[in-house]
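The report below takes up covalent links, strand pairing and charged side-chain contacts in turn. Please keep the sequence and the model in view while reading.

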Amino acid sequence: MKKLLPLLIAPLLFIYTANAEPVNCVYIPEHDKYICDNATPTPTQTPVPTVTPTATATASATLTPVLPTATPTIAPTAVSTRPLPPRSSDGTYYITQTGIYSGTATCGNIGAGAHCVHIWNSNGVTLQDFTITTAQGYGLQFDNNVTIKRGTITAPLGASGHHKINTTFDTVVFDVSTVALQYIGSGCEASNPRPNLNATVRNSTFMNDSGHELLYMKCAQDVTIEGNQFKPNSDWAVSLPDGVNVTIRRNTFDLTSEPGNWLGIELPKVSNALVTENSATGPAGDWLVWTCCGTTGLTVTANIVSGGMGTLCCVSPPSTGSGGLRH
């Protein structure tokens, strides 16, 4: 039994030892002992199987459209309108800064050659929604780079400027004694370009009591006169001596005032002028266009005249038709 006890205990010791610290031991009866080699067995590791994921079919995805990012709308900066400056000590008004102006100007006892409102700034002035009234002198003196629109000038003389560029008169009513609008030139007959350059007069009304002309442009180049109404009591309505590149279209001329009035448009010494789609009414002896003194490149076409007046005077032969003429 003594010999069997080790045999019974040995497996337990092995199990215990193996559980505690795996070693290889052998019982030697003749020596009555265990011999262990103290070798730690290499555990056999069960390889973990590599699992290759099975791709799961995905249903067709619904594409959500990507809308472009909206660009924010930037509201335009409102440009404020300034009132006319206060009346100065000489009884008139002076605009000396760039900007947009509107208001009412009334002048009393100013000189016969003075102006009620002066624009003394050539960097960009707009005068709009205005009324100018004066009992003497001119209503307005204008500068370069101006726009005059939606206003009324009541004065003995309307508006004037000397050798001005980039000017526009739009929707202005001139109710004057003699000349409504003057572009004054001097010593300029041979200048290139002409000193009154790039002028537009449109959609305005011209009325006077007497004198030679309503609209006068001396030495003007690149001129457009369109959509206006002329009701002259003066000798003629429009005069453009020594002009270059002039277009006069879609205007109305009422030449029924007698006995002084007899002419719509005077074109002496003008180079390259187009007179087209105008309408005029007046008695026999009145003319829509008068030309002389070396005018060249004149086209008169598609105009309508009535009341017995003629279309083009002082060419050979004179015309009493409605246009289709070159001279």
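Is Cys-292 buried or exposed? Cys-292 is buried, with a relative accessible area of 19%, where buried means under 20% relative accessible area, exposed means over 50%, and partly exposed lies in between (1.4 Å probe, protein chains only). This is a predicted model, in which local features need pLDDT of at least 70 and side-chain atom pairs count only at pLDDT 80 or more, while totals for chains, interfaces and linings use all residues. Residues are numbered from 1 along each chain as its sequence is written, and side-chain values use heavy atoms, with hydrogens and water left out.

## Disulfides

A disulfide is a covalent bond between the sulfur atoms of two cysteines, and it is assigned here to a pair of cysteine sulfur atoms within 2.5 Å. A search of the whole structure returns 3 disulfides, and the table sets out their geometry.

| Pair | S to S distance | Angle about the S-S bond | Handedness |
|---|---|---|---|
| Cys-107 and Cys-116 | 2.0 Å | 85 degrees | right-handed |
| Cys-188 and Cys-219 | 2.0 Å | 85 degrees | right-handed |
| Cys-292 and Cys-293 | 2.3 Å | -65 degrees | left-handed |

The disulfide of Cys-188 and Cys-219, with its sulfur atoms 2.0 Å apart, links distant parts of the chain, since Cys-188 sits in the loop between β12 (181–184) and β13 (196–202) and Cys-219 in the loop between β15 (215–217) and β16 (220–226), 31 residues apart. The strands named here (E, at least two residues) are DSSP runs, numbered from the N terminus. Both Cys-188 and Cys-219 are buried, and both Cys-107 and Cys-116 are buried as well. In the remaining pair, Cys-292 is buried at 19%, whereas Cys-293 is exposed, with a relative accessible area of 54%. A further cysteine, Cys-313, is buried, with a relative accessible area of 11%.

## The parallel sheet

Strands of a sheet pair through backbone hydrogen bonds, either parallel or antiparallel; two strands are taken to pair if DSSP finds at least two bridges between them. An open sheet of 10 strands runs in the order β4-β6-β8-β10-β12-β15-β18-β21-β24-β27, and its pairing is parallel. Its edge strands are β4 (93–95) and β27 (310–313), each of which pairs on one side only. From one strand to the next the twist averages 15 degrees, with axes as lines fitted to C-alpha atoms and angles running from 0 to 180 degrees between N-to-C directions. Within this order, β6 (residues 115–119) and β8 (residues 138–141) pair in the parallel sense over 3 bridges, and His-115 stands opposite Tyr-138 in β8.

## Salt bridges

Side chains of opposite charge can pair when their charged atoms come close. A salt bridge is counted where a side-chain nitrogen of Lys or Arg is within 4 Å of a carboxyl oxygen of Asp or Glu, and the structure holds 10 salt bridges.

In one of them the side chains of Asp-242 and Lys-218 meet at 2.6 Å, N to O. This pair links distant parts of the chain, with Asp-242 in the loop between β18 (236–239) and β19 (244–249) and Lys-218 in the loop between β15 and β16, 24 residues apart. Asp-242 counts as buried at 4% relative accessibility, and Lys-218 is buried too, with a relative accessible area of 11%.

Which side chains does Arg-250 meet in a salt bridge? One partner is Glu-226, at 3.7 Å, N to O; Arg-250 lies in the loop between β19 and β20 (252–254) and Glu-226 in strand β16, so the pair ties together parts that are 24 residues apart in sequence. Arg-250 is partly exposed, with a relative accessible area of 44%, whereas Glu-226 is buried, with a relative accessible area of 14%.

Another partner of Arg-250 is Glu-277, again at 3.7 Å, N to O. Here too the pair links distant parts of the chain, as Glu-277 lies in the loop between β22 (271–276) and β23 (279–281), 27 residues apart from Arg-250. Glu-277 is partly exposed, with a relative accessible area of 43%. Through salt bridges that share partners, Asp-170, Arg-202, Glu-226, Arg-249, Arg-250 and Glu-277 are joined into one network.

Conventions. Helices (H or I, at least four residues) and strands (E, at least two) are DSSP runs, numbered from the N terminus.
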